[in-house]
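Keep the sequence and the 3D view open, and try each task before you read on.

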Amino acid sequence: MNVKSKPLQEVLQDVPEGVDKSDWKWLVKEHFLSEKFKEEIQELLQVEPSPTNIEVVERCFGPQSKSHVVGFGGGITRKDLKGGSSAKVALLEQLNVNRKEKVALIEELNASRKENESIKRRMDNIEKRCEIFESAIFRDPLSPPSSREQNTS
(Lines give C-alpha, C1' and ligand atoms only; values in the text may rest on other atoms or scores of the structure.)
Protein backbone atom coordinates (compact mmCIF):
# COMPACT_ATOMS: atom_id res chain seq x y z
CA MET A 1 0.00 0.00 0.00
CA ASN A 2 1.34 3.40 -0.90
CA VAL A 3 0.69 5.62 2.10
CA LYS A 4 1.90 8.74 0.27
CA SER A 5 -0.67 8.52 -2.51
CA LYS A 6 -3.65 8.99 -0.19
CA PRO A 7 -4.54 11.58 2.44
CA LEU A 8 -3.61 10.46 5.97
CA GLN A 9 -7.25 10.29 7.13
CA GLU A 10 -8.16 8.04 4.22
CA VAL A 11 -5.18 5.76 4.91
CA LEU A 12 -6.15 5.54 8.61
CA GLN A 13 -9.72 4.59 7.69
CA ASP A 14 -8.62 1.96 5.17
CA VAL A 15 -7.79 -0.66 7.83
CA PRO A 16 -6.76 -4.01 6.30
CA GLU A 17 -8.91 -7.02 7.16
CA GLY A 18 -7.74 -8.78 10.33
CA VAL A 19 -5.82 -5.76 11.68
CA ASP A 20 -6.96 -3.94 14.81
CA LYS A 21 -7.79 -0.28 14.14
CA SER A 22 -5.48 1.02 16.88
CA ASP A 23 -2.63 -1.19 15.63
CA TRP A 24 -3.15 0.13 12.10
CA LYS A 25 -3.11 3.73 13.34
CA TRP A 26 0.20 3.11 15.16
CA LEU A 27 1.69 1.28 12.17
CA VAL A 28 0.86 4.11 9.77
CA LYS A 29 1.78 7.06 12.01
CA GLU A 30 4.73 5.64 13.93
CA HIS A 31 6.22 3.25 11.39
CA PHE A 32 5.33 3.91 7.74
CA LEU A 33 5.58 7.68 8.15
CA SER A 34 8.68 7.56 10.37
CA GLU A 35 11.94 8.96 9.06
CA LYS A 36 13.76 5.70 9.88
CA PHE A 37 11.38 3.67 7.69
CA LYS A 38 11.63 6.20 4.84
CA GLU A 39 15.43 6.07 5.04
CA GLU A 40 15.39 2.26 4.92
CA ILE A 41 13.27 2.32 1.79
CA GLN A 42 15.48 4.98 0.18
CA GLU A 43 18.60 2.91 0.93
CA LEU A 44 16.98 -0.18 -0.54
CA LEU A 45 15.99 1.69 -3.70
CA GLN A 46 19.52 3.10 -4.10
CA VAL A 47 21.09 -0.35 -3.80
CA GLU A 48 18.50 -2.00 -6.01
CA PRO A 49 16.24 0.31 -8.04
CA SER A 50 13.44 -2.23 -8.69
CA PRO A 51 13.28 -4.85 -5.92
CA THR A 52 10.60 -7.50 -5.88
CA ASN A 53 7.83 -7.29 -3.29
CA ILE A 54 9.34 -10.10 -1.22
CA GLU A 55 12.72 -8.35 -1.20
CA VAL A 56 11.12 -5.19 0.17
CA VAL A 57 9.23 -7.19 2.81
CA GLU A 58 12.35 -9.12 3.86
CA ARG A 59 14.39 -5.94 4.05
CA CYS A 60 11.79 -4.29 6.32
CA PHE A 61 10.59 -7.29 8.34
CA GLY A 62 13.39 -9.84 8.09
CA PRO A 63 13.49 -13.22 6.31
CA GLN A 64 10.11 -14.63 5.37
CA SER A 65 8.85 -18.14 4.75
CA LYS A 66 7.95 -18.09 1.07
CA SER A 67 5.28 -20.73 1.66
CA HIS A 68 3.15 -18.53 3.94
CA VAL A 69 1.24 -15.33 3.46
CA VAL A 70 3.37 -12.57 5.01
CA GLY A 71 2.00 -11.58 8.39
CA PHE A 72 -0.59 -14.32 8.63
CA GLY A 73 1.11 -17.73 8.39
CA GLY A 74 -0.84 -20.91 8.98
CA GLY A 75 -2.89 -22.68 6.37
CA ILE A 76 -1.63 -25.33 3.98
CA THR A 77 2.05 -24.93 3.19
CA ARG A 78 4.28 -26.48 0.55
CA LYS A 79 5.64 -28.77 3.25
CA ASP A 80 2.14 -30.21 3.75
CA LEU A 81 1.99 -31.07 0.07
CA LYS A 82 5.55 -32.42 -0.33
CA GLY A 83 4.66 -35.90 0.91
CA GLY A 84 3.95 -36.87 -2.68
CA SER A 85 0.57 -37.08 -4.28
CA SER A 86 -0.86 -39.12 -1.37
CA ALA A 87 -0.86 -36.02 0.87
CA LYS A 88 -2.67 -34.04 -1.84
CA VAL A 89 -5.14 -36.86 -2.35
CA ALA A 90 -5.84 -37.03 1.39
CA LEU A 91 -6.44 -33.27 1.54
CA LEU A 92 -8.76 -33.40 -1.47
CA GLU A 93 -10.65 -36.35 -0.02
CA GLN A 94 -11.14 -34.47 3.25
CA LEU A 95 -12.30 -31.42 1.31
CA ASN A 96 -14.86 -33.54 -0.57
CA VAL A 97 -16.07 -35.13 2.68
CA ASN A 98 -16.51 -31.67 4.21
CA ARG A 99 -18.42 -30.45 1.15
CA LYS A 100 -20.74 -33.48 1.26
CA GLU A 101 -21.35 -32.93 4.99
CA LYS A 102 -22.19 -29.29 4.30
CA VAL A 103 -24.68 -30.26 1.56
CA ALA A 104 -26.27 -32.87 3.86
CA LEU A 105 -26.59 -30.34 6.69
CA ILE A 106 -28.20 -27.78 4.37
CA GLU A 107 -30.68 -30.42 3.13
CA GLU A 108 -31.46 -31.42 6.72
CA LEU A 109 -31.98 -27.78 7.67
CA ASN A 110 -34.36 -27.24 4.73
CA ALA A 111 -36.32 -30.38 5.65
CA SER A 112 -36.59 -29.19 9.26
CA ARG A 113 -37.86 -25.81 8.10
CA LYS A 114 -40.53 -27.46 5.93
CA GLU A 115 -41.58 -29.70 8.82
CA ASN A 116 -41.78 -26.71 11.16
CA GLU A 117 -43.98 -24.85 8.66
CA SER A 118 -46.26 -27.89 8.38
CA ILE A 119 -46.53 -28.18 12.18
CA LYS A 120 -47.30 -24.46 12.44
CA ARG A 121 -50.10 -24.76 9.86
CA ARG A 122 -51.60 -27.76 11.73
CA MET A 123 -51.38 -25.88 15.04
CA ASP A 124 -53.15 -22.88 13.52
CA ASN A 125 -55.90 -25.20 12.24
CA ILE A 126 -56.25 -26.88 15.66
CA GLU A 127 -56.43 -23.47 17.40
CA LYS A 128 -59.20 -22.35 15.03
CA ARG A 129 -61.18 -25.54 15.72
CA CYS A 130 -60.72 -25.08 19.47
CA GLU A 131 -62.10 -21.56 19.20
CA ILE A 132 -65.17 -22.89 17.35
CA PHE A 133 -65.72 -25.63 19.97
CA GLU A 134 -65.27 -23.17 22.84
CA SER A 135 -67.76 -20.76 21.34
CA ALA A 136 -70.27 -23.61 20.80
CA ILE A 137 -69.84 -25.02 24.30
CA PHE A 138 -69.54 -21.82 26.28
CA ARG A 139 -71.91 -19.51 24.39
CA ASP A 140 -74.65 -17.81 26.31
CA PRO A 141 -77.71 -20.14 26.32
CA LEU A 142 -80.04 -17.14 25.99
CA SER A 143 -78.42 -16.00 22.75
CA PRO A 144 -79.98 -17.26 19.52
CA PRO A 145 -78.19 -20.15 17.81
CA SER A 146 -75.82 -19.26 15.05
CA SER A 147 -76.70 -19.98 11.44
CA ARG A 148 -74.26 -22.89 11.52
CA GLU A 149 -76.10 -24.44 14.53
CA GLN A 150 -79.48 -23.96 12.87
CA ASN A 151 -78.37 -25.80 9.73
CA THR A 152 -77.22 -28.82 11.74
CA SER A 153 -80.48 -29.14 13.72
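**Exercise 1. A proline and its surroundings**

In which loop is P51 found? Work out its burial and its contacts too.

*Solution.* A word on the ground rules comes before the steps. This is a predicted model, where local features need pLDDT of at least 70 and side-chain atom pairs count only at pLDDT 80 or more, while totals for chains, interfaces and linings use all residues. Residues are numbered from 1 along each chain as its sequence is written, and side-chain values use heavy atoms, with hydrogens and water left out.

Step 1. P51 sits in the loop between α3 (35-47) and α4 (53-61). Helices here are DSSP runs of H or I with at least four residues, strands are runs of E with at least two, and both are numbered from the N terminus.

Step 2. With a relative accessible area of 17%, P51 is buried. The classes are buried (under 20% relative accessible area), exposed (over 50%) and partly exposed (in between), using a 1.4 Å probe and protein chains only.

Step 3. Setting aside neighbours within four places in sequence, P51 is in contact with L44, L45 and V56. Contact means heavy atoms within 4.5 Å.

Step 4. Now look from V56, which is placed in helix α4 and is partly exposed at 25% relative accessibility. With neighbours within four places again left out, V56 is in contact with I41, L44 and P51.

**Exercise 2. A charged pair**

Which side chains meet in a salt bridge?

*Solution.* Step 1. The structure holds one salt bridge, defined as a side-chain nitrogen of Lys or Arg within 4 Å of a carboxyl oxygen of Asp or Glu.

Step 1. The partners are K120 and D124, at 3.4 Å from N to O. Side chains of opposite charge can pair when their charged atoms come close.

Step 2. Because K120 and D124 are four residues apart in helix α6, about one helical turn separates them. K120 is exposed at 53% relative accessibility, whereas D124 is partly exposed at 31%.

**Exercise 3. The chain as a whole**

How many helices and how many strands does the protein chain have?

*Solution.* Step 1. The count is seven helices and zero strands, so the order from the N terminus reads α-α-α-α-α-α-α.

Step 1. Of the 153 residues in the protein chain, 8% are buried.

Step 2. Among contacts with a separation of 6 or more, 11% come from residues 24 or more positions apart.

Step 3. To finish, find F133 in helix α6 (residues 85-138); F133 is exposed, with a relative accessible area of 54%.
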